[in-house]
Protein chains: 2
Amino acid sequence: MRKFMDFSTWFDDTLVKAEIMDNRYAVKGFAVYKPWGAKVTRKVISMLEDELDATGHDPMLFPVAISEDDFAKEAEHIKGFTAEVFWITEAGERSLERRMLLRPTSESAMYPMFAQWVRSHADLPLRVYQSVCVYRYETKATRPLLRMREFLWNEVHTAHTDGDSAEVQVKEAIKIYVDVFRRLGLSYYMLMRPDFDKFAGAVYSIAFDAWNPDGRVNQIGTVHNLGENFAKAFEITYEDADGAQKNVSQTCYGFGISRVLAAVVGQHGDDHGLVLPPEVAPVQVVVVPIHYKESEGKVEAYAKKVYEAVKKSGLRVQMDSGEKTPGEKFYHWEMLGVPVRVEVGPRDLKEGRVTISERVSLKRSSVEFDKIVTTINALLDSLTENLRKRSQAALGEMTATVGDMASLKRAIDGRKIARVCWCGSKECAETIKDKSGGEIRGHRIDVEEKPESGCVACRGKAAKVAYVAKAY
Amino acid sequence: MRKFMDFSTWFDDTLVKAEIMDNRYAVKGFAVYKPWGAKVTRKVISMLEDELDATGHDPMLFPVAISEDDFAKEAEHIKGFTAEVFWITEAGERSLERRMLLRPTSESAMYPMFAQWVRSHADLPLRVYQSVCVYRYETKATRPLLRMREFLWNEVHTAHTDGDSAEVQVKEAIKIYVDVFRRLGLSYYMLMRPDFDKFAGAVYSIAFDAWNPDGRVNQIGTVHNLGENFAKAFEITYEDADGAQKNVSQTCYGFGISRVLAAVVGQHGDDHGLVLPPEVAPVQVVVVPIHYKESEGKVEAYAKKVYEAVKKSGLRVQMDSGEKTPGEKFYHWEMLGVPVRVEVGPRDLKEGRVTISERVSLKRSSVEFDKIVTTINALLDSLTENLRKRSQAALGEMTATVGDMASLKRAIDGRKIARVCWCGSKECAETIKDKSGGEIRGHRIDVEEKPESGCVACRGKAAKVAYVAKAY
């Protein structure tokens, strides 16, 4: 597939042709979501938000502007983000007395409010989310969806009576993300980030690194245990049952909506364009009447009947009766990644059948009218399952276990994700980065992997099996 | 009702107690939408977006940051907004080479892209919308929901081959807004704004001024015919069927989501709190079991059965089995504006009935089990209709027709919307503002009103019956 040969060209091309994003906006790192992209995005957001609603999370909406004082409260946090925030310093014709920043993430917007809301243990747990754009002044080359200065995400912030409850919340968060990624057919490594690469202010950070056709990894989600660090900085305390004042324990987790969209495009797309998992396809089925002069009216009427039957079943279906040729229509809907196409021609009409084509295999089959809906539903199920399997297989093929630095460099140069034994030191992580170009991304937490040889860099005793890759 | 005596206290109090908004955020004019407010907001947004989707509008998402060059392209537009934009001038540790502004509205973000997208008449009409926050540096006192520096709205921008098509679009926009406002039971005057008060860059502006309990008007929506003004400035041209290059004709319209929420709170709320139109109530029906020790288990089971029956009908229902007393629960759900409450006590259980209470009248009635769903549905319908009628009656009572300046001043001081005859001159509008404190808001376009006396200010020939009010 072209995407593995020249990802960059394929990706930019597909984003434009499939009406996902227009990257010609006048401000660098900011782009326009076009209608098809906006619709898929909306589906991804509701899929996630429905799961959050069902697990005791509350929607809220916090401001984009954060005061410099609040931003400065947690020392590690400001250190981690200060190089990449945008500052608002003027309004109208005047300079603001105090400048404010655009949220790069919302800890410092939310936690001063948490401090006001939390009084007693009865106010806990607090679980709040919002789906919003955040702003980071990326100095590396920006890439549409993958590395933007404005990007869409969903962020959850929670507060609990103690560390154990926060730990339970971390597991709950992982479960939610795993489930949404599963429904999207995405594959990734679930990694504990090394200590030197955790979120600024966190106790530890877990990340979901999805594969991308160019061998780089795409961090699509992160879950952080914040311990009491932010509680101390923002004075979020509660009175426990015995009347004592205690710090809350916190977690936060972020789901990269723009990056998930990038992963859906990159992992599932092919030479014909997008392939959308049925749950997030704005149109799941397109009905295309194939017109010949003599039978046009009748074919159109029959196609309409097919359309009505599919619509009644609750599937998202669209009829394409436009002026274009069938070939042009096929090309268009394949490019948009619509999972199932139903063709209705004079012969189908005569036989009381239709021709159904499935987007992954592009296989066509003839189906009698009464079996249209059951056939489509079976195809949609198997398509989701096939996407998942194909994506998982690609991740496997993209991963190379290597034992020495030369092989590691070859793997990274060859656009692989490398699996290495690592002693756990920052020095060796730096050596690895310098010599191979890849970064230590962490070790798996869903599977226990025991190192069976020495550290790839220093040859000393290995502490972990770690994954090394270039990253967006 | 308290809201008419001391709106400001009532409103702030209700926003807090009904968990709509917290106004204690550290940046002035920016506030936090709390869970109940966020959920109602989401319902309002989908109500509107569904109507836009059904009438050929496409969702998109444009950046919040606009380049100064693009902003400066349309002369009237920049003049109108320049005093109230926020500027981003720094990022990380450095000054930006070119500052950018936060969108106060998105013409200058969208139209440069329109110029790239529109090539021929086949690309038209173009109808694009987004629901986003916009930013205006208000120098007047800010008020939660009503006058914020960050507020939520939905904006639509369209481009057409000619002025006639744009005119048709203006009518379509009005129809959509009227329908959504009707479903929310809101009352307002639909006014043609005077020429000196139209949107910066527009040919004319139509606005929806909703009443507020303090007699000020709350502009909840606007529809603008932009003619070719922006097309010329942004060079949005197309090739017509004859091969000639022509300017597009444009419209734009804005639906103030935050302000609509303010109108729902202000027009329908009462001394007990919010009253939510059923279509946007996150919970439409709450089931409250009334426990007595001897029958607790049985009552709970019966209440659960009631809950299941209501849920099955498709209504949004919640069961409140919490620890609080029935009185506390009633108070809570009334404050949140839930339209219908179902009480289930030992006597209801014995008789196979329930007690249903409706939020506007607070009237209670006993209903047998089999009639619960039909009764609730009838109550919800009549509630929406009653809200609408009550709101319309309030608008009527709040409006005073006056014939001289002294009466006009008395009317405005007495928190009325005044109906006057006006010659149409800007000078007289200024006199009116100076002497009465109210502004000429425009003349009605849904009803033709002929002036029957001279201008209230200059006594000269009156051109219009105009509405005068203080405004948010």
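Two residues are taken to be in contact if their C-beta atoms, placed from the backbone, lie within 7 Å. The model is a predicted one, in which local features need pLDDT of at least 70 and side-chain atom pairs count only at pLDDT 80 or more, whereas totals for chains, interfaces and linings use all residues. Residues are numbered from 1 along each chain as its sequence is written, and chains are lettered from A in the order in which they are written.

Leaving aside neighbours within four places in sequence, Val287(A) is in contact with residues including Ala303(A), Val306(A), Tyr307(A), Val317(A) and Val344(A). Val287(A) and Val287(B) have the most contacts inside the largest nonpolar core, which has 293 residues; such a core is a set of buried Ala, Val, Leu, Ile, Met, Phe, Trp, Tyr and Cys residues joined through C-beta atoms within 7 Å, where buried means that 20 or more other C-beta atoms lie within 10 Å of a residue's own.

Strand S15 (residues 285-289) of chain B runs parallel to S16(B), with three bridges between them, and Val286(B) has Gln318(B) as its bridge partner in S16(B).

Buried residues make up 51% of the 472 residues in chain A, and the C-alpha trace of chain A spans about 80 × 55 × 50 Å along its principal axes.

Technical notes:
A residue is buried if 20 or more other C-beta atoms lie within 10 Å of its own, exposed if 12 or fewer, and partly exposed in between; C-beta atoms are placed from the backbone. Two strands pair if DSSP finds at least two bridges between them. Helices (H or I, at least four residues) and strands (E, at least two) are DSSP runs, numbered from the N terminus.
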